[in-house]
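Here is a short note for someone opening this entry for the first time. Please look over the sequence and the model, then read the points in order.

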Amino acid sequence: MSLLALDAEALYLDLRARVQDWLAPRDPLENMLVGVWSGGAWLAERLHRDLGLPGRHGVVSSTLHRDDFGARGLAATTDPTSLPFEIENLHVLLVDDVLFTGRTTRAAINELFDFGRPASVTLAVLVDRGGRELPIEAAISAARIALPPAQRLALGRDAEGRFSFDLQTLA
């Protein structure tokens, strides 16, 4: 898939349909959406609203469990983890925008387990760009693309909540 075909709104609609299929046979009180700060949190928030799910979605920050502080530093603008429910024995759908190396996902799962032991954790992403460094795979993804390691795909959203992508080249 070329970047020209990466319509974030169209991919969101596909992701929403796949998440709805995943949730359909399940008890809504035993399954919770948790977004990874920040793009995953935006997706989880909109999915939760669009699918009319009960309660509130959660947000996890991967900051405290990252393994690349030397390269990235500690982000000063990251919102803290917010889980407005007990995760013990729940089936968690962990939502993120772009899956690359798997390191952010690993850190987010570590953060999640700091709050209890979910029955299961399933990963859903808007875009899987390959390049894994850890054995982490999304069960649900709207698109799979290949990008050079020096490029970064960032999800953005406008004031009305519509999603878009920004392709950045790292120096």
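1. Buried means under 20% relative accessible area, exposed over 50%, and partly exposed in between (1.4 Å probe, protein chains only). Helices (H or I, at least four residues) and strands (E, at least two) are DSSP runs, numbered from the N terminus.

2. This is a predicted model: local features need pLDDT of at least 70, side-chain atom pairs count only at pLDDT 80 or more, and totals for chains, interfaces and linings use all residues. Residues are numbered from 1 along each chain as its sequence is written, and side-chain values use heavy atoms, with hydrogens and water left out.

3. Start with helix 2. Buried here are Gly39, Gly40, Ala41, Trp42, Leu43, Ala44, Arg46, Leu47 and His48. Nine of the 12 residues are buried, so helix 2 is largely enclosed by the rest of the structure.

4. Just after helix 2, glycine 52 has a positive phi of about 60°.

5. The structure holds one aromatic pair. Its partners, tyrosine 12 and phenylalanine 163, are tilted, at 5.6 Å centre to centre with 55° between the planes. Tyrosine 12 belongs to helix 1 (residues 8-23) and phenylalanine 163 to strand 7 (residues 163-169), 151 residues apart. Both tyrosine 12 and phenylalanine 163 are buried. Rings of Phe, Tyr and Trp (its six-membered ring) pair if their centres lie within 6.5 Å; planes under 30 degrees apart count as stacked, over 60 as edge-to-face and the rest as tilted.
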